[in-house]
Each structure stands twice: as C-alpha cells, then as structure tokens.
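Reader: I am new to this structure and would like to learn how to read its features. Could you take me through them with care?

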Amino acid sequence: RSRASSDPAPKSFTRFAGWKENPPVWQNPFTVVNAAIWYYADVAVLHTQGVMEGFSATRCAPGSDVSRGMLALTIWRMEGAPEPENTAHFDDLTQAWYQKAVCWAAENGIVLGYDDRRFGPEDPLAREQLVTMLHRYAVFRGDDSVIQAAPAFSDSCSISSWAADAVQYCTQNKIILGKPGNRFDPRGGSTRAELAAVLHRFLAD
C-alpha cells in the first residue's frame with residue numbers, strides 16, 4: 001500500500017490485522033444503500049471486512065451521527081476483537097456493546113477519557129477526536145510515518161494542540177478531507193456514511 005509520507009512504513013505494517021485480500025463478493029443486505037449512492041463502495045468494503053455492521057440485518061443508518069463508543073468498537077473489530085485485561089477503566093461504560101472495545105483501546109493508548117473517569121461513549125465524535133484515535137491506532141499497528149508540515153486550514157487555530165499531528169497525518173495520507181472554505185471543522189461531527197468513507201481510505205492507503 002502506498003504511503004504519502006517520505007518515510008516508508010515497515011514492511012510488516014498494516015492498519016488492519018484481519019484484512020482479507022480476497023473477500024467474498026458483497027451481498028448487500030441494506031435497504032437504503034444502492035450502487036448510485038456516493039458511500040456505496042465504502043459500506044461494501046467495511047461490511048465485507050467485518051469492520052462495520054448495521055443497526056439491524058437490513059438497516060445501515062448512514063445518516064446517523066457517530067459516537068465515541070462507535071469508533072472504539074470499529075477499531076477494536078479491526079484488531080480482531082481482543083479481550084481487554086479488565087473492564088474497569090471508566091465509570092460510564094454501561095452498555096455491553098462498547099465496553100470491551102473501549103477498555104481494550106484505553107489499555108493500548110488509543111483512547112483517553114475525561115478527567116472524572118468518564119469516557120463519554122455516547123458523546124458525539126468530533127472530527128479532531130476521530131483523526132486522533134485513528135492516528136494512535138496506526139502507530140499501535142507500527143506506522144512510524146514522519147508528520148509533515150502543519151495543516152493549512154482556514155480554521156487551524158481552532159484545532160486542539162493534542163490533535164494537530166493527527167490532523168496532519170490523516171490529511172497528508174488523504175484519509176480525511178477538509179470542508180468548503182478550506183475548513184477542517186475540528187469540533188464538527190460525522191455521520192456513519194462519512195465514517196465509512198474515512199475508514200475505507202484509512203484501510204486502503
């Protein structure tokens with residue numbers, strides 16, 4: 001897989017432990033996802049690879065907002081759903097569907113919580129949080145790419161300092177794109193369709 005950075009990743013580097021080189025032909029189960037929609041290929045790849053699932057057997061909910069717990073779950077699936085060492089990292093992990101994922105990600109430095117032992121699994125996922133979690137996961141997988149020049153967005157001053165390297169990593173590798181007006185919109189959220197597109201680029205790069 002090609003790299004945008006001038007510093008090549010190790011030969012063993014892969015962003016997805018369970019990537020299938022020759023997956024079966026996708027049988028689309030989702031009623032609102034058709035080949036004419038811009039995110040069709042993204043959903044097809046991620047569903048075939050077992051990275052993203054629908055809200056039900058036939059409901060994809062592409063317009064639904066992504067939460068912090070959803071992205072932790074997706075990254076955990078990419079790693080093969082490993083067991084965490086414990087499930088007591090945060091006090092607000094009340095739902096079983098994200099508990100193991102969040103705890104495993106916390107143990108491996110991929111996610112951080114708030115100062116009061118909360119993770120906020122159902123909080124909306126900000127774009128700067130999205131790229132930060134993906135960058136940390138890429139580093140966890142062995143990516144040692146050099147971070148190049150700072151992002152030249154019109155709202156760069158609004159990007160949190162802890163997210164700056166991740167924003168540049170994901171933009172220099174064409175994983176995430178800016179918005180009209182050359183904005184990154186760091187506090188903006190993402191829909192499931194937008195997340196599918198970002199993750200497809202992340203895995204295919």
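Author: Let us begin with the largest cavity of this predicted model, whose lining residues divide into seven nonpolar, two polar and two charged.

Reader: What volume does the largest cavity have, and how many cavities of 30 Å³ or more are counted?

Author: The volume of the largest cavity is about 70 Å³, and the count of cavities of 30 Å³ or more comes to one.

Reader: How should I read the packing of two helices, and at what angle do the axes of H1 and H6 cross?

Author: In general, two packed helices are described by the angle between their axes and the distance between the axes. Here the axes of H1, residues 40-48, and H6, residues 192-204, cross at roughly 65° and come within 8 Å, and the crossing in which H1 passes H6 is left-handed.

Reader: Which residues of H1 and H6 meet?

Author: From H1, Ala41, Asp42, Val43, Val45 and Leu46 meet Ala196, Ala197, Leu199, His200 and Leu203 of H6. Sorted by class, this contact of H1 with H6 holds eight nonpolar residues, one polar and one charged.

Conventions: Residues numbered from 1 in each chain as written. Predicted model: local features only at pLDDT ≥ 70, side-chain atom pairs only at ≥ 80, totals over all residues. Heavy atoms only, no water. Axes fitted to C-alpha atoms, helices over the stretch in contact; angles between N-to-C directions. Helix = DSSP H or I, 4+ residues; strand = E, 2+ residues; numbered from the N terminus. Left-handed = near helix turned anticlockwise from the far one by under 90°. Contact = heavy atoms within 4.5 Å. Nonpolar A, V, L, I, M, F, W, Y, C, P; charged D, E, K, R; others polar. 1 Å grid on protein atoms, 1.4 Å probe; cavity = no way out; pocket = protein on both sides within 12 Å on 5 of 7 lines; lining within 4 Å. Points joined across faces, edges and corners; volume = space filled by probe spheres on them.
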